[in-house]
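Here are my notes on this model, as numbered points. Please keep the structure open while you read.

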Amino acid sequence: MLIRASRARKNPIASSEERLAWLMLAPVLIALIALGIYPAFNTLWLSFQQGGFFGIGTTFAGLAEYTRLFRDSQFWGALGFSLLFSIITVAGQMIFGTALALFANLRFAGRWLVRAAIIFPWAIPTSTNSVIWAYMFNDQYGLVNSILIHLGLMNPAHPLSWLGSGQLATALIYIMAIWKANSLVALLVLAGLQSIPGEVYEAARVDGASPWQALWGITLPLLRATLVVTLVLRTIESLQAFDLISAFTNGAPGNSTQNLGLYIYVQIQQFGDFPYGSAIATVLMVITMCFIVLYMRALYRPAAK
Amino acid sequence: MATVARRKEPVLLNSNRRAALTRRRRAISLSTRTLIYAISAIILIIQFFPLIWALLTSLMTSAETTSTPATLFPLHPMLGSYFQAFQGAIGHYYLNSIIAATISAALTMLMATLAAYAFARLRFRGKRFLLIFVLFFSLFPPLVQVIPVYQILQNLHLIGTIGALILPYTVFGLPLAVLILMAFFQEVPGELEEAAIVDGLSRFTAFVRIVLPMVVPGLFAAAVIVFVNNWNEYLFALTYTTGNTYTLPVGIVTISQTEFTTNFSLLSAATIMSVIPLVVLILVLERRIVSGLTAGALKG
């Protein structure tokens with residue numbers, strides 16, 4: 001005991017804690033390095049190449065593909081779409097998802113149905129869901145126009161082409177994305193709410209706090225870790241969105257709903273331009289990292305060390 | 001015993017106050033009950049809207065699905081699309097999806113729980129760096145990972161087997177699962193664990209016996225999320241599977257879409273069939289997500 005204690009640089013408890021930490025981290029780190037490191041560095045490496053076709057015959061080009069980005073107006077359009085899409089839909093998902101969870105946490109008969117319903121939008125495969133939405137908003141045989149016609153709100157001779165207008169299509173993409181991922185936020189917040197002991201609320205009620213004050217003073221601060229993590233997860237996924245839009249508008253009309261995910265797809269799968277696609281992906285990675293650092297700095301203060 | 005002692009003097013006051021409280025609570029619930037059910041109804045409609053439409057579409061003939069203006073209710077409801085989905089080997093896709101999603105979700109959860117605890121509760125050098133390192137792997141869009149991962153899987157001779165999905169699903173689900181679970185571990189008060197360690201439990205035993213039961217809601221929530229992500233994954237499944245190992249999202253598209261046309265009725269039928277197992281799963285786990293804490297507290 002004594003010998004071991006003197007050998008350890010700090011105290012024996014700390015060093016055994018550190019050993020345990022590494023043992024517990026090992027499976028995740030090994031798995032990620034084994035399968036993840038090659039794709040990640042392959043992308044970084046390719047982004048400093050140029051030319052080639054489907055990754056064959058590329059040559060080193062330094063920052064050429066990055067400078068190419070500056071002159072590419074399609075890239076800037078896609079970047080703008082991605083940023084706006086992420087900020088708007090993640091904000092919407094956080095607000096509506098949290099509200100849904102708080103509502104589903106009330107006590108009332110039949111709330112299990114609401115709780116089960118929460119998850120539905122998210123349970124449908126993203127690409128299939130987008131096909132169904134595109135079908136609902138189809139100008140010719142879509143449900144929405146049909147309802148409007150049956151209600152006498154629309155002239156059957158002049159159906160509204162929802163997906164033919166860039167602004168309408170963008171708005172629908174926002175709505176669909178918020179609708180689809182509310183679930184995930186609500187599920188996590190609902191689970192987080194279960195770990196708040198009821199006595200806390202009892203105490204607050206006795207002290208005369210209104211439910212609104214309890215929400216902002218107790219519930220949300222106690223959920224901080226869950227909320228920040230959810231925000232980070234939603235941000236990562238929204239910036240990488242692909243299925244959702246590709247099966248809905250595929251970037252149309254024109255390129256008005258093209259985000260970075262779609263643009264990477266066009267470069268890689270259609271043009272076979274791996275270096276350029278990789279450069280865009282790397283920029284996307286850096287942007288995502290900035291968002292995460294920003295959110296964590298602003299919102300995340302570990303409660304206990 | 002404590003209750004007996006407490007009951008002596010303030011029994012009157014206590015019961016009075018309690019009666020007042022329940023009265024007030026009942027009054028609130030009476031006035032707001034309508035509101036609660038109205039909101040519930042709106043939530044249900046919004047959540048189920050496209051799925052109801054899919055259900056109606058699945059019962060329509062293909063002529064009805066492409067009429068203008070759209071047929072709102074199938075005039076001659078038929079189950080033909082569901083039979084067609086079965087002929088299109090949807091049963092096989094089910095099996096593949098269940099195997100791929102379940103095994104990889106279980107492996108992800110097992111590894112991520114250990115790591116998340118270490119990140120949330122243990123002190124070690126380089127924690128921040130390692131956390132960013134783990135997150136780093138979720139920052140590249142799957143679109144650029146598909147091909148290099150394909151090369152790895154090919155070297156392992158996994159392409160065309162279900163292992164070609166289990167391996168990447170397990171690994172790429174890790175950053176998300178670690179992050180979610182970390183949040184739940186952080187919300188457990190530290191005193192309980194410290195008390196257990198003072199009582200002579202090892203750190204790891206305290207983790208298994210004290211902390212883990214307290215995060216059961218979080219474990220189930222994370223498991224559901226990881227499982228559904230795997231269940232619905234499209235890009236990897238499309239690239240790494242062949243007809244035999246198609247999962248549901250790929251299978252649905254394969255059986256209902258040709259290059260130029262979509263059989264909306266079949267697509268809807270297949271979608272509904274792919275959602276049903278998740279509904280069952282969620283209904284079973286819903287109680288666990290919500291009651292996990294109390295169950296854990298009773299056990300502990």
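1. Start with the largest nonpolar core, which has 175 residues. A nonpolar core is a set of buried Ala, Val, Leu, Ile, Met, Phe, Trp, Tyr and Cys residues joined through C-beta atoms within 7 Å. A residue is buried if 20 or more other C-beta atoms lie within 10 Å of its own, exposed if 12 or fewer, and partly exposed in between; C-beta atoms are placed from the backbone. A:Leu187, B:Ala115, B:Val178 and B:Ile180 touch the most other members. Helix H8 (residues 166–193) of chain A gives the most to this core, with 17 residues. Helices are DSSP runs of H or I, at least four residues, numbered from the N terminus. Domain 1 (2–58) and domain 2 (81–299) of chain B both contribute, so the core lies between them. The domain bounds come from an automatic or database assignment.

2. A caution on the source: this is a predicted model, where local features need pLDDT of at least 70, side-chain atom pairs count only at pLDDT 80 or more, and totals for chains, interfaces and linings use all residues. Residues are numbered from 1 along each chain as its sequence is written, while chains are lettered from A and ligands numbered from 1 in the order in which they are written.

3. Look at B:Ile180. Leaving aside neighbours within four places in sequence, B:Ile180 is in contact with A:Leu188, A:Val229, B:Ala222 and B:Ile225. Contact means C-beta atoms, placed from the backbone, within 7 Å.

4. How many residues does each chain bring to the contact? Chain B brings 83 and chain A brings 88. On the chain B side, helix H15 (residues 264–299) gives the most, with 14 residues. By class, that side has 63 nonpolar, 16 polar and four charged residues. Here Ala, Val, Leu, Ile, Met, Phe, Trp, Tyr, Cys and Pro count as nonpolar, Asp, Glu, Lys and Arg as charged, and the others, Gly among them, as polar.

5. B:Pro50 lies in helix H2 (residues 11–58) of chain B. B:Pro50 counts as buried because it has 24 C-beta neighbours inside 10 Å. Leaving aside neighbours within four places in sequence, its contacts are A:Asn129, A:Ile132, A:Trp133 and A:Met136.

6. Why is helix H13 (residues 260–270) of chain A largely enclosed by the rest of the structure? Nine of its eleven residues are buried. The cover includes helices H4 (73–104), H12 (243–246) and H14 (274–299) of chain A, together with helix H7 (142–155) of chain B. A:Gly272, with a positive phi near 65°, follows H13(A).

Notes:
Helix = DSSP H or I, 4+ residues; strand = E, 2+ residues; numbered from the N terminus. Contact = placed C-beta atoms within 7 Å.
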